[in-house]
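Here is a short note on charged side chains for a colleague new to this entry. Please read it with the structure open.

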Amino acid sequence: MEKDIVLESRLVGTIKGDFFVPSYQRGYRWGKTEVIRLLDDIYSCDGDSYYLQPVVVRKNGDKYELIDGQQRLTTIYLVYRYMNNASGGFIDEPQFSLYYETRKKSASFLQSVDMARKEENIDFWFICNAYDSIKQWFEAKEKKSVLTNINKYFDEKVKIIWYEVNDSDDAAISLFARLNIGKIPLTSAELVKAMFFSRDTKLGIDKNMQKEIALQWDNIEKELHENDFWYFLTNQSIASYQTRIDLVLDLIAGKKKNSRENYYTFFKFDEMRQKKPVREIWHKIQKTFLLLKDWFENHELYHKIGYIIASKELTLSEVYNLSLNKTKAEFIAALDASIRNSMEGVHSELTYENAADQKKIKKLLLLFNVESVRQNGEHSQWFPFDKFKFSNDGRVAWSLEHIHAQQSEGLKDKKAWKEWLRLHIPSVEAVDRKQESLIEEMKSAFSKSNLQRKDFEKIQQKVVQVLSVKGNTEYIHSISNLSLLRASDNAALNNSAFDVKRNVIIKMDIEGQYIPFCTRMVFLKYYTPSAGNQLHFWGESDRKAYIDAINRVLGKYLPEKIV
């Protein structure tokens with residue numbers, strides 16, 4: 001498909017010629033929903049440009065074989081036919097015709113839709129229903145002005161992507177199968193790529209350069225398939241993009257995140273093609289990709305941009321715009337300002353108990369992790385945004401984990417109570433061997449088939465007292481007792497004492513599960529000076545050392561120190 005094609009946008013009102021639908025396609029099958037949606041979309045553009053999906057054709061003598069777009073083109077034909085009839089001939093008939101290789105009667109039926117023949121065959125039935133839906137849509141509005149407006153939009157605003165291939169019959173059938181049976185539409189990226197191989201665009205590039213573009217295009221796609229590169233640039237899953245180079249093309253086109261227009265990017269490139277040489281457009285694609293790659297390979301830019309995108313402070317497009325017309329030093333200063341902006345507010349007062357505060361604490365701890373890796377790595381360590389955002393089983397959700405828990409939220413049934421007991425028995429044994437009676441009480445409760453809540457909570461209070469440091473309670477929901485950990489349904493672990501969590505997290509780390517850098521350091525007691533280090537507990541000296549580390553690492557970004 002990359003050779004000998006014509007690719008351009010055409011106003012609907014300029015479509016002319018004879019189109020025939022080959023035997024490998026079924027007939028017209030759009031229902032009322034599809035017809036009304038098309039008319040609503042066209043009407044709601046209110047005079048702005050509106051772009052329909054591609055019509056894929058192959059020249060065959062003096063006719064066009066319609067490979068893809070039969071349903072849309074037939075509906076447009078019927079709209080023209082209705083407008084011609086309803087206006088008493090004031091609005092012209094359609095300037096194109098449709099023929100069917102195996103449905104000889106359908107062509108003449110389209111030219112004069114006869115409702116009395118609706119039941120004659122399935123094709124007539126769908127054509128009549130579509131025509132009736134068009135009639136009802138116009139009659140539900142102020143018909144005269146709407147007729148004029150729709151006709152005007154077709155002539156001035158509504159465009160199709162004209163994609164003309166010059167392949168063999170077998171290739172045309174294969175393309176149809178892909179676009180219709182396989183339900184894999186042409187993407188904006190494929191259309192932009194095809195733009196460089198069109199025979200009718202006055203490219204100013206020769207065959208050798210076309211080959212070079214094809215090779216470099218594939219190399220860009222391949223490099224973007226590296227997940228560490230991809231998830232540095234975006235929070236979107238790979239499922240959001242059929243081809244990853246779309247991310248670069250959307251960036252150049254300025255496509256908004258919430259844009260619903262499938263071919264927005266192609267039409268922006270098509271507009272560029274009207275104003276500048278295609279060679280220049282290709283150099284823009286190359287230059288933009290190399291800029292993104294430079295950010296990715298620069299240790300400082302990687303971490304600052306990566307945080308800004310991961311925290312949703314700015315989108316990639318906004319970061320890109322921020323970089324324009326700036327020196328590297330000016331760009332870094334702008335990034336630092338954006339990071340400081342993300343840290344606005346007094347963090348000492350934030351609490352886990354407030355949902356809005358939780359979001360701010362998560363952002364703070366994400367920056368703490370990213371900056372710790374950047375400052376500690378000395379170019380040898382890089383924060384893994386790919387692992388932070390996605391794993392083999394999909395998008396990763398991160399929760400605020402109490403480093404030491406003293407409550408039993410979420411422990412709602414016997415299964416959860418027993419799991420909590422199972423996890424805590426080894427910690428009580430390790431902390432204080434003198435607690436023989438408590439250990440026996442825990443084991444006995446664990447083996448009971450009819451364990452009651454009041455009995456469990458009584459034992460739990462004793463265990464928490466053994467595994468807690470006095471004076472901890474008032475700090476339970478503050479930043480000094482919170483870390484980032486992958487969200488889990490394991491309520492027993494979430495409500496566990498520090499020593500239990502420490503053992504589980506070390507086990508997870510050994511087994512290869514991704515644990516954020518600072519979360520690992522917390523449970524390894526990395527921040528606590530050895531003089532005050534109690535291996536099994538999380539106490540005042542630990543909290544103080546943890547907050548001191550956050551203040552030290554994030555000093556240039558925090559509006560004031562956390563206390």
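Is Lys556 buried, partly exposed or exposed? Lys556 counts as partly exposed, at 46% relative accessibility. Please keep in mind that the model is predicted.

1. **The partner of Lys556.** Lys556 forms a salt bridge with Asp336. The closest N and O atoms are 3.4 Å apart. Asp336 belongs to helix α15, residues 328–342, while Lys556 sits in the segment after α24 (540–553).

2. **Cover at the two ends.** Asp336 counts as buried, because its relative accessibility is 8% and the cut-off for buried is under 20%. Lys556, at 46%, falls in the partly exposed class.

3. Asp336 and Lys556 are linked with Glu300 and Lys304 in a network of salt bridges. Please look at these four residues together.

4. **The overall count.** How many salt bridges does a search of the whole structure find? The search finds 26. Side chains of opposite charge can pair when their charged atoms come close. Two further pairs are described next.

5. **Glu93 and Arg81.** These two form a salt bridge, with 2.7 Å between the closest N and O atoms. Arg81 is in helix α2. Glu93 is in the loop between α2 (70–86) and β6 (96–100). Arg81 is buried, with a relative accessible area of 7%. Glu93 is partly exposed, at 42% relative accessibility.

6. **Arg117 and Glu120.** Here the closest N and O atoms of the salt bridge are 3.0 Å apart. Arg117 counts as partly exposed, with 30% relative accessibility. Glu120 also counts as partly exposed, with 41%.

7. **A positive patch.** Which residues form a positive surface patch? Lys275, Lys276, Lys284 and Lys287 do. Lys275 lies in helix α11, which covers residues 264–275. Its relative accessible area is 72%. Exposed means over 50%, so Lys275 is exposed.

8. **What to check on screen.** Start with Asp336, which is buried, and follow the salt bridge to Lys556. Then find Glu93 and Arg81, another salt-bridged pair. Finish at Lys275, one of the residues of the positive patch.

Methods:
Residues numbered from 1 in each chain as written. Predicted model: local features only at pLDDT ≥ 70, side-chain atom pairs only at ≥ 80, totals over all residues. Heavy atoms only, no water. Patch = residues over 30% accessible without salt bridge, like charges linked within 9 Å, V, L, I, M, F, W, Y side chains within 5 Å. Areas by Shrake-Rupley, 256 points an atom, 1.4 Å probe, with all protein chains shown as cover. Salt bridge = Lys/Arg side-chain N within 4 Å of Asp/Glu carboxyl O. Lys, Arg positive; Asp, Glu negative; His and termini not counted. Charge placed at Lys NZ, Arg CZ, Asp CG, Glu CD. Helix = DSSP H or I, 4+ residues; strand = E, 2+ residues; numbered from the N terminus. Buried < 20%, exposed > 50% of the residue type's maximum accessible area, 1.4 Å probe, protein only.
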